[in-house]
Amino acid sequence: MTLGLGITTFMFVFTYLPQAAVMAFTNGPLAAITAGLLVLSESSTLFTILSKNFLIDDALVDTFDGVLLSKNTTDLVSEGRQVKAGGDPIAKLGKLVKSPLAKFTPKAIIRYVMYLPLNFIPVIGTVIFVLLQGKKTGPVAHTRYFQLKRWNKDQQEKHIEQYRGAYTGFGVVAVLLELVPLASIFFAFTNTVGAALWAADIEKQHITKEGTAPRLREQAKQAE
């Protein structure tokens with residue numbers, strides 16, 4: 001919380017007025033609002049880079065895996081870490097076998113900076129900015145799931161394309177929630193819980209399909 005408050009305060013003190021002044025030429029009276037949203041977005045991004053990479057990364061992985069265990073997807077979690085005996089999902093989490101969630105990449109930072117000028121377009125620009133951020137943030141929420149599934153890049157892209165609308169919707173909500181000053185770290189965990197619950201549902205659907213297909217083939221053979 002201290003880190004988030006410090007970053008947000010610093011950004012508003014040193015970057016709000018200059019950005020609001022520039023936006024006044026394009027956004028008019030809405031400049032004060034759009035500049036505020038932009039500063040919140042920038043603060044959130046800085047906080048995400050620092051906190052998720054250096055402070056709460058392991059805790060987010062434990063949260064994701066713990067939720068999966070609570071949804072009886074032990075086999076999936078065991079692909080990435082040791083699973084102990086017991087009833088409490090968090091207590092069952094053992095040593096990590098695979099490295100946790102992907103770090104915030106330079107590519108993501110460059111993409112974010114490229115999207116920033118959209119905010120100079122009144123209203124619609126900010127909406128497009130959030131949508132584009134959400135489109136990328138959604139799939140990132142399942143990085144750990146893809147890792148546990150051992151999917152390569154092509155398999156991941158095929159899956160993401162299948163659920164493109166859902167991932168964009170999830171990402172937009174996640175981006176907006178993590179813009180909330182001071183509460184962004186809390187929402188980082190709730191977004192992780194939501195992503196894990198969704199991953200568990202997808203996994204159960206895959207298991208059901210894999211179990212149903214052989215039975216259908218067998219029934220077809222018997223019908224012949």
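Two cavities of 30 Å³ or more are counted in this predicted model; a cavity is a set of points, on a 1 Å grid over the protein atoms alone, where a 1.4 Å probe fits but cannot get out. Grid points are joined across faces, edges and corners, and a volume is the space filled by probe spheres set on the points. Residues are numbered from 1 along each chain as its sequence is written. The model being predicted, local features need pLDDT of at least 70 and side-chain atom pairs pLDDT 80 or more, while totals for chains, interfaces and linings use all residues, and side-chain values use heavy atoms, without hydrogens and water.

Select Ser44, Phe47, Thr48, Ser51, Lys52, Glu178, Ser184, Ile185 and Ala188, which line the second largest cavity (an atom within 4 Å of a point). Two or more lining residues come from each of α2 (31-54) and α10 (184-223), helices being DSSP runs of H or I with at least four residues, and strands runs of E with at least two. The largest contribution, five residues, is from α2.

Next, select Lys92, in the loop between β1 (81-83) and β2 (93-96). Lys92 is buried, at 14% relative accessible area (buried is under 20%, with a 1.4 Å probe and protein chains only). Finally, display Asp65: its C-alpha is 9.8 Å from that of Lys92, across 27 residues of sequence.

Note on methods: On a 1 Å grid over the protein atoms alone, a cavity is a set of points where a 1.4 Å probe fits but cannot get out, and a pocket is an open set with protein on both sides within 12 Å along at least five of seven lines; lining residues have an atom within 4 Å of a point. Buried means under 20% relative accessible area, exposed over 50%, partly exposed in between (1.4 Å probe, protein chains only).
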